[in-house]
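Here is a short report on one protein chain. Keep the sequence and the 3D view open while reading.

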Amino acid sequence: MLDLINAERAKVGAPPLVLELNLNEASEDHSKWMIVKDIFSHTGVNNTNPGARMDNAGFNFSGSYSWAENIAGRSVRAPNGFDDEVIGLHNQLMNSDGHRANLLNPDFDYIGIGIEIGEYQGRTWAFVTQNFARTGGSVDLDTGGGAPASGGSGETPSPSNLPFAAPHDHPRNLADGIEALEYIASHSDLIAVFGTNADEGLRHYADHGYFEQRKITFDGLEYIASHNDLIQAFGANSEAGARHFISWGHIEGRKQTFDGLEYIASHNDLIQAFGADAEAGANHFIFHGRNEGREQTFDGLEYIASHVDLINAFGADSDAGSTHFIAYGVHEGRSKDTFDAETYLANYADLQAAFGNDHQAATEHFINHGYFEGRSDDFLF
């Protein structure tokens, strides 16, 4: 992981980070603690913040100093080894603005990296904690980690409430034929070339897709849950759903509109029952929720757009928004959708011309551009 980080820093002219033994200890202890406690948070043992944990581990904060922490987690899928998890965790953090800023910050000299594997909410996960620091005091270097870095400057310690990186599905090892079909279904060019040949999908991903960072966006269960006739025909057979989309659904213009995370986030009892298990959400809807008249009312993008800290943390990553609401937002009493896309569009003629009445496109625009341009969804007079 350090090699991956320093390769990215070299691209922007930042000096390489050096592993520091006390920061390593703080990072490893926090990753272990999160797994043992089944918690994903920057607030750790005895309600400590990251800076306190680094200090408690023996890192010498002295003179001009600063610190920051990144944490991320992903489910373990690879049958052997954890190289995929290391790459995946690194990509998650690099794809998040707040975490990337820490990774590339030229003022940091030292880093601790704690990667731990364990059971989290009923599944095997890989967690990483990255502790960054600069200090005028003495340090204990892990000499196997790389060349010493030059010192930085600055006076203000980094904040403790940095955003977390929500799990993403890429890159990952394709463990079986169902996932290979979902990989094919995610890309129209692969549908045209391979059809429902899962073996060819596996080979393509191993030889090309993984390195091209192709994303797996199709989900067979969520596709089935999006169409009543497919629920009747296939139940919760995700492989049948993927085969149907590849053979017929993409030609018929069918869309995957159901989202397991957003469905869970729409119902407090399902949040309690399933947490952020999108597959469990899709299964529940197929077998129970549809017959109970349950609806998917939560929108991950609107939730993000309603909170400035989430805009900065996640951008337009609706799965990250849904995961955050399920894990934290519902307990913090956060509003789901105070952002008003209709008013946002009505306030700006250029957005009306660009998006018409497309509320999702308007919400994405606000998250990616409008907020930073000073645009507002308040009524303008």
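## Overall make-up

Of the 381 residues in the protein chain, 51% are buried. The model is a predicted one. It contains 20 helices and 4 strands.

Taking the contacts with a separation of 6 or more, 69% join residues 24 or more positions apart. The accessible surface of the chain is about 17400 Å². Carbon and sulfur atoms account for 47% of that surface.

## The sheet

The 4 strands form an open sheet. Their order is β1-β3-β4-β2, and the pairing is mixed. The edges are held by β1 (18-19) and β2, each with a single partner strand, so one side of each has no neighbour in the sheet. In general, strands of a sheet pair through backbone hydrogen bonds, in a parallel or an antiparallel way.

Both senses occur here. β1 and β3 are parallel and share 2 bridges. In this pair, Leu-19 stands opposite Ile-111 of β3. Strand β3 (residues 110-120) runs antiparallel to β4, with 11 bridges between them. β4 (residues 123-134) is also antiparallel to β2, through 10 bridges.

## The β3-β4 hairpin

Strands β3 and β4 make a hairpin, with 2 residues between them. Gln-121 sits in the turn and has a positive phi of about 50°. Tyr-120 has Arg-123 of β4 as its bridge partner. Glu-116 is partnered by Phe-127, also in β4.

How much of β3 is buried? The strand is mostly covered, with 8 of its 11 residues buried.

## Strand β2, an enclosed edge

β2 covers residues 66-75. All 10 of the 10 residues are buried, so the strand is largely enclosed by the rest of the structure. Yet β2 is an edge strand of the sheet, with a single partner strand.

Side chains in a regular strand alternate between the two faces of the sheet. In β2, one set consists of Ser-66, Ala-68, Asn-70, Ala-72 and Arg-74. Trp-67, Glu-69, Ile-71, Gly-73 and Ser-75 point the other way. Both sets are buried, including the charged-type names Glu-69 and Arg-74. Across the pairing, Ile-71 stands opposite Thr-129 in β4.

## Helices on and around the sheet

Helix α5 (residues 97-104) lies across β2 and β4. It runs at about 125° to β2.

Helix α1 also has a helix partner. α1 (residues 2-11) and α4 (residues 83-94) have axes that come within 10 Å. The axes cross at roughly 35°, and the crossing is right-handed. On the α1 side, the contact uses Leu-4, Ile-5 and Glu-8. On the α4 side, it uses Val-86, Ile-87, His-90 and Met-94. These contact residues divide into 5 nonpolar, 1 polar and 1 charged.

## Ile-231, a buried helix residue

Ile-231 is in helix α10 (residues 228-234). Is this residue buried or exposed? Its relative accessible area is 6%, under the 20% limit, so Ile-231 counts as buried.

Which residues does Ile-231 touch, leaving out those up to four places away in sequence? They are Ile-224, Ala-225, Phe-285, Ile-286 and Arg-290. Phe-287 is 56 residues from Ile-231 along the chain, but their C-alpha atoms are separated by 8.7 Å.

Asn-46 lies in the loop between α2 (21-37) and α3 (50-56). Asn-47 lies in the loop between α2 and α3 as well. Asn-46 is not a glycine, yet has a positive phi of about 60°. Asn-47, also not a glycine, has a positive phi of about 60°.

Both side chains belong to exposed residues. The relative accessible area of Asn-46 is 70%, over the 50% limit, so Asn-46 counts as exposed. Asn-47 is exposed too, with a relative accessible area of 70%.

Methods. Residues numbered from 1 in each chain as written. Predicted model: local features only at pLDDT ≥ 70, side-chain atom pairs only at ≥ 80, totals over all residues. Heavy atoms only, no water. Buried < 20%, exposed > 50% of the residue type's maximum accessible area, 1.4 Å probe, protein only. Pairing = 2+ DSSP bridges. Contact = heavy atoms within 4.5 Å. Areas by Shrake-Rupley, 256 points an atom, 1.4 Å probe, with all protein chains shown as cover. Axes fitted to C-alpha atoms, helices over the stretch in contact; angles between N-to-C directions. Left-handed = near helix turned anticlockwise from the far one by under 90°.
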